Amino acid sequence: MEKQKKVLLINTHLTYPNWTEGKLNNSFMEVAKHFFETRNYEVLETKVENGYNADEEVEKHLSADIVIVQTPVNWFGAPWIYKKYTDEVFNSGLHSQKFLLGDGRTREDLTKQYGSGGKLHGKKFMISATWNAPEEAFGNPSQDFMQGKTTSDLFLNISSSYRFCGCDISPDYNCFDIFKGGTIENDLENYPKHLAKVFNL
């Protein structure tokens with residue numbers, strides 16, 4: 001009998017009362033949850049704001065075939081609670097040697113590359129994000145601010161930790177311009193199409 005696959009959905013939203021309550025990111029979480037449940041995946045969930053146990057999060061990562069971080073973009077990154085989560089969970093995975101065995105280099109073999117010591121090979125990682133920024137700000141050299149950089153470039157501070165541990169990085173999904181005439185309904189509707197494409201489901 002084939003083993004049931006698992007997906008870990010991590011919600012990084014941090015509530016600021018009367019400003020940002022997290023409804024949009026919760027909606028994307030629900031769309032992803034429904035998508036995977038209808039494909040017979042077991043869905044594991046973590047809402048960072050509600051607290052977590054770092055060792056338990058390591059085990060969730062180990063059991064998951066796919067990990068998706070759902071995040072608002074606050075000052076060009078995930079909320080600070082997610083950085084704390086990453087430090088604590090990945091440090092636990094390092095100390096237990098469940099995520100990786102060092103950085104991959106050895107004194108005996110200098111040809112081994114930095115970042116080749118991961119143990120999470122075969123797992124896939126993806127970011128789904130909500131932005132105030134408009135889509136045209138990215139990947140466009142004529143835009144002075146980002147100077148042609150893409151959302152994937154901006155997310156290197158998140159995705160690199162997963163790649164360092166051996167995960168494959170899947171293309172991110174983005175909901176842009178949420179305060180000034182974005183296409184939120186269409187973005188929610190199209191999200192399952194993106195998931196189906198990048199995970200071949």
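How many helices and strands does the secondary structure of the protein chain come to? There are six helices and six strands, counted as DSSP runs numbered from the N terminus (H or I of at least four residues for helices, E of at least two for strands). In order from the N terminus, they run β-α-β-α-β-α-β-α-α-β-β-α.

A word on the model: it is predicted, so local features need pLDDT of at least 70 and side-chain atom pairs count only at pLDDT 80 or more, while totals for chains, interfaces and linings use all residues. Residues are numbered from 1 along each chain as its sequence is written, and side-chain values use heavy atoms, leaving out hydrogens and water.

Some values for the whole chain:

| Property | Value |
|---|---|
| C-alpha box along the principal axes | roughly 55 × 45 × 35 Å |
| Residues that count as buried | 43% of 201 residues |

Buried here is under 20% relative accessible area, with a 1.4 Å probe and protein chains only.

Now to the interior. A nonpolar core is a set of buried Ala, Val, Leu, Ile, Met, Phe, Trp, Tyr and Cys residues joined through side-chain atoms within 4.5 Å. The largest one has 34 residues, and Ile10, Tyr82, Phe99, Phe125, Trp131 and Tyr162 have the most contacts inside it. Elements giving two or more residues to this core include strand E1 (6-11), helix H3 (80-95) and strand E4 (124-130). H3 gives the most, with five residues. Leaving aside residues up to four places away in sequence, Tyr82 touches Ile10, Thr12, Val69, Ile158 and Tyr162, where contact means heavy atoms within 4.5 Å. A second, separate core has 20 residues, among them Leu9, Val43, Ile66 and Leu195.

Conventions: Buried means under 20% relative accessible area, exposed over 50%, partly exposed in between (1.4 Å probe, protein chains only).
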